[in-house]
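Please keep the sequence and the structure in view while reading.

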Amino acid sequence: MASGGGSVDRGVDFANYFCTYAFLYHQKEMLSDRVRMDAYYNAIFKNQDHFRGKTVLDVGTGSGILAIWSAQAGARRVYAVEATKMSEHARELVKANGLEDIVEVIESSMEDVILPEKVDVIISEWMGYFLFRESMFDSVICARDRWLKPTGVMYPSHARMWIAPVRSGLVDKKTEDYESAMDDWHNFVNDTKAYYGVDMGALTKPFCDEQKKYYLQTSQWCSLHPEQVIGTPAVIKEIDCLTTSIDDILKVRAQFSSSITVETARFSGFGGWFDVQFRGSTSDPARCVIELTTAPSTVDLTHWGQQVFFLRPAPRVCQGDLVSASFSMERSKMNHRLMEVEFAYGIKDCPPVTSKWYIE
């Protein structure tokens with residue numbers, strides 16, 4: 001589950017990505033996410049008519065659990081494609097559950113695999129942090145364009161990205177950590193010159209840039225409490241998994257506004273999350289629509305959490321204030337599985353601000 005299908009020709013970023021998903025401890029983390037597991041389980045077993053007697057392709061099968069569930073729901077044949085050595089574990093698990101006559105585990109990238117037939121269903125858990133980090137959806141699109149029948153359905157079928165203003169004390173902690181790192185550097189420069197006669201000061205600017213990016217310009221994984229959301233959430237991207245192209249997701253652009261809903265607060269940053277739905281297709285809708293959401297919650301916590309883009313300075317806002325913003329996100333030029341994000345935003349009585357962050 002969620003172990004990729006992308007081509008390994010793109011170098012180190014792919015090697016690192018596939019290496020991560022080749023370990024059982026990482027699979028266990030995802031398999032222990034009850035919100036994630038319940039959503040896929042219910043989507044399959046409450047819509048068994050989409051699986052009974054059908055052919056299924058599981059993109060990035062990981063441990064093989066989605067392929068196993070598809071077979072248990074009545075699929076005639078399941079092709080479980082996995083690009084890492086996790087395929088060996090998946091094959092063992094399929095055999096242990098007595099489904100080797102239905103589920104075929106194939107170790108291959110999705111771009112290179114050759115199947116003996118087209119499929120009725122493509123299922124995959126491809127979502128990364130803030131939906132698109134890791135860019136595994138490329139492999140799902142490739143699978144869809146190559147192997148899905150014209151009458152086929154996608155599991156999940158739709159996805160949305162959300163943004164809302166949030167408050168968090170972590171904004172001060174990140175600033176303190178940055179200042180501490182710079183203090184330590186200056187002490188290091190002074191000590192090196194005093195003890196060893198070498199002036200390291202020429203490296204102060206690149207070190208400062210490096211630390212600033214890490215502490216102040218990299219989004220923070222958070223598990224936000226709903227009360228930390230201080231403005232109306234806005235949908236900034238919707239995708240139909242049956243029709244979306246890679247070009248549609250290379251760059252995400254949106255204009256949005258949010259009204260502050262609390263009496264007064266520090267506007268610490270923008271919080272981002274996503275949801276996906278299992279709706280089937282227009283011609284073959286799901287009997288029971290299931291949604292998986294990673295929105296802030298007190299009970300339905302997920303390993304995805306939320307991504308927070310902290311603002312500096314963090315302005316004070318009051319109920320009714322309108323935050324107007326533009327959002328852009330594109331893939332990092334250094335590693336296409338990571339993201340670069342930019343917000344341009346304005347609040348009443350404050351000058352417009354543009355800030356850039358990285359999702360790493």
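A salt bridge, as the term is used here, is a side-chain nitrogen of Lys or Arg within 4 Å of a carboxyl oxygen of Asp or Glu. The model shown is a predicted one, and every value below was computed from it.

## Salt bridges

Side chains of opposite charge can pair when their charged atoms come close. A search of the whole structure finds 20 salt bridges, and three of these pairs are set out in the table.

| Aspartate 120 | Lysine 149 | 3.1 Å |

In the pair of aspartate 120 and lysine 149, the side chains meet at 3.1 Å from N to O. Aspartate 120 belongs to strand 4 (residues 119-123) while lysine 149 belongs to strand 5 (residues 148-155), so this contact ties together parts that are 29 residues apart in sequence. Aspartate 120 has a relative accessible area of 13%, and because buried means under 20%, it counts as buried. Lysine 149, at 30%, is partly exposed.

Since aspartate 275 lies in strand 11 (residues 269-280) and arginine 160 in strand 6 (residues 158-166), the pair ties together parts that are 115 residues apart in sequence. Aspartate 275 is buried, with a relative accessibility of 3%, whereas arginine 160 is partly exposed, with a relative accessible area of 21%.

The pairing can be followed from strand to strand. Strand 1 (residues 55-59) runs parallel to strand 2 (residues 77-82), and 5 bridges join the two; valine 59 has valine 81 in strand 2 as its bridge partner. Strand 1 also pairs with strand 4 in the parallel sense, over 3 bridges, and here aspartate 58 has isoleucine 123 in strand 4 as its bridge partner. Strand 4 in turn is joined to strand 5 by 4 bridges, again in a parallel run, with valine 119 standing opposite leucine 148 in strand 5. Strand 4 is mostly covered, as 5 of its 5 residues are buried.

Another open sheet is formed by 4 strands in the order 9-15-16-17, with antiparallel pairing. Strand 9 (251-259) and strand 17 (353-359) stand at its edges with a single partner strand each, so one side of each is left without a neighbour in the sheet. Neighbouring strands of this sheet are turned by 20° against each other on average, direction ignored. Strand 16 (residues 339-346) pairs with strand 17 in the antiparallel sense over 7 bridges, and valine 341 has tryptophan 357 in strand 17 as its bridge partner.

## A helix with two sides

Helix 5 (residues 86-96) has Met86, Ser87, Ala90 and Val94 among its buried residues. Seen down the axis of helix 5, the buried residues fall within an arc of 100°, so they line one face of the helix. An α-helix has 3.6 residues a turn, so residues three or four places apart point the same way. On the other side of helix 5, Glu92, Lys95 and Ala96 are exposed. Helix 5 is followed by glycine 98, whose phi is positive, near 70°.

Which residues make the nonpolar surface patch of about 420 Å²? The patch is made by Tyr195, Tyr196 and Val198. Tyrosine 195 is placed in helix 7 (residues 170-196), and this tyrosine 195 is exposed, with a relative accessible area of 66%.

Conventions: Residues numbered from 1 in each chain as written. Predicted model: local features only at pLDDT ≥ 70, side-chain atom pairs only at ≥ 80, totals over all residues. Heavy atoms only, no water. Pairing = 2+ DSSP bridges. Axes fitted to C-alpha atoms, helices over the stretch in contact; angles between N-to-C directions. Patch = residues over 30% accessible without salt bridge, like charges linked within 9 Å, V, L, I, M, F, W, Y side chains within 5 Å. Areas by Shrake-Rupley, 256 points an atom, 1.4 Å probe, with all protein chains shown as cover. Buried < 20%, exposed > 50% of the residue type's maximum accessible area, 1.4 Å probe, protein only. Arc of directions from axis to C-beta.
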